[in-house]
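This report goes through several parts of one protein model. Look at the sequence and the structure first, then read on.

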Amino acid sequence: MKIHEYQAKEIFSKYGIPVERHTLCRTAACVVAAFRTIGTDKVVIKAQVLTGGRGKAGGVKVVDNMEDAYQEAKNILGMSIKGLPVNQVLVSEAIDIAAEYYVGFTIDRNTRSVVLMMSASGGMDIEEVARRTPEKIIRYSIDPFIGLPDYLARHFAFSLFPQMEQAGRMAVILQELYKVFIENDASLVEVNPLALTAKGTLIAIDAKIVFDDNALYRHPGIQALSDLTEEEKVEANAKDKGFSYVHMDGNIGCMVNGAGLAMATMDMIKLHGGNPANFLDIGGSSNPLKVVEAMKLLLQDEKVKVVLINIFGGITRCDDVAMGLIQAFDMIKSDIPVIVRLTGTNENIGRELLRNHSRFQIATTMKEAALMALKS
């Protein structure tokens with residue numbers, strides 16, 4: 001689960017991580033009032049949407065007078081960034097920045113540990129830095145039995161700051177960020193940039209936290225911060241119905257039983273030049289109503305031009321699945337082509353049942369099914 005920058009900064013503040021003065025606003029008039037209250041010569045107006053690239057999209061502006069503050073606020077509050085409408089902005093004091101750094105904690109699945117990443121190239125797209133100049137990113141794996149005690153925090157801090165005073169401040173921030181990560185079951189805690197001011201202080205002028213969805217039940221206060229996008233609402237609704245669903249940008253809708261088979265199906269589509277519209281694991285049931293709900297889910301996406309159903313019949317027999325599909329599609333009014341590949345227990349009986357129903361195109365292999373979907 002993602003949260004907004006202003007919410008992440010509230011959490012940072014509770015842990016004593018320094019952030020700039022800021023006010024959340026939902027109207028241009030509020031932005032002007034916040035400018036007066038903050039009392040600095042300049043403020044930064046930042047769109048609060050759950051996506052990156054706000055600055056490139058025009059969602060971050062520095063202003064130095066009331067008139068510009070009002071106009072820029074109106075402009076930002078009237079825009080959409082990557083399809084997400086901007087309904088609120090954060091008005092922050094403009095910091096006199098001497099240097100910008102990147103600091104982040106995330107999960108390294110190769111070492112099965114938390115990894116600390118730092119870079120002196122902060123304020124930039126960290127993915128681009130990693131791709132073009134990976135040597136600029138410092139990585140440290142954190143032993144879960146040791147954590148981040150003072151001596152390690154100082155050792156890591158000296159990688160970026162040779163001066164004792166700044167390294168000491170950095171060490172404290174690293175320890176608190178690590179606490180945020182561990183105590184709240186986060187999968188990412190990131191500050192980009194962590195600003196070194198002209199006065200030598202360190203301030204987190206941006207904040208990003210992503211939480212592990214599977215651990216939210218332990219943190220009702222964090223779960224209450226959820227601000228789901230329309231896409232995330234669809235995924236949450238699918239989860240409530242017993243599906244594992246992730247929306248993607250392609251036009252081939254996938255309905256599969258089993259997560260591994262779903263991944264293999266998507267790979268096969270990509271291998272032959274197509275683009276899956278989703279990951280959808282419906283589980284092992286052949287219940288017609290479940291298939292109907294899955295189809296409704298797929299057809300909500302206007303990009304879907306064909307549906308590929310890939311079923312492996314193990315405990316669930318293929319003839320039961322075929323009967324479920326026939327009953328389900330008798331209830332569904334749609335002209336979208338449907339490709340079905342059945343394999344496993346009673347596969348021949350299942351295929352024969354579907355061949356007697358003009359609604360389906362039958363494939364015997366994954367490759368054949370993917371190619372049929374591409375041609376449809």
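## Thr-265 and its contacts

Leaving out residues up to four places away in sequence, Thr-265 touches Cys-254, Val-256, Leu-308, Asn-310 and Met-366, where contact means heavy atoms within 4.5 Å. Thr-265 belongs to helix α9, residues 259-271. Thr-265 has a relative accessible area of 2% and is therefore buried; buried means under 20% relative accessible area, exposed over 50%, and partly exposed in between, with a 1.4 Å probe and protein chains only.

The model is predicted: local features need pLDDT of at least 70 and side-chain atom pairs count only at pLDDT 80 or more, while totals for chains, interfaces and linings use all residues. Residues are numbered from 1 along each chain as its sequence is written, and side-chain values use heavy atoms, without hydrogens and water.

## A four-stranded sheet

Helices (H or I, at least four residues) and strands (E, at least two) are DSSP runs, numbered from the N terminus. Four strands form an open sheet in the order β1-β6-β2-β3, with antiparallel pairing; two strands pair if DSSP finds at least two bridges between them. The edges are β1 (22-25) and β3 (60-63), each with a single partner strand, so one side of each has no neighbour in the sheet. On average, neighbouring strands of this sheet are turned by 20° against each other, direction ignored.

Strands β2 (residues 43-47) and β6 (residues 89-93) run antiparallel and are joined by five bridges. Lys-46 has Leu-90 in β6 as its bridge partner.

## Helix α1

Helix α1 (residues 5-14) lies across β1, β2 and β6, at about 50° to β6. For such angles, axes are lines fitted to C-alpha atoms, for helices over the stretch in contact, and angles run from 0 to 180 degrees between N-to-C directions.

Seven of the 10 residues of α1 are buried, so the helix is largely enclosed by the rest of the structure. Among these buried residues are Tyr-6, Ile-11 and Phe-12. Just after α1, Gly-16 takes a positive phi of about 80°.

## Strand β15

Strand β13 (residues 244-247) pairs with β15 in the antiparallel sense over four bridges. Val-246 has Phe-279 in β15 as its bridge partner.

In a regular strand the side chains alternate between the two faces of the sheet. Strand β15 (residues 278-281) is covered on both faces: Asn-278 and Leu-280 on one side, and Phe-279 and Asp-281 on the other, are all buried.
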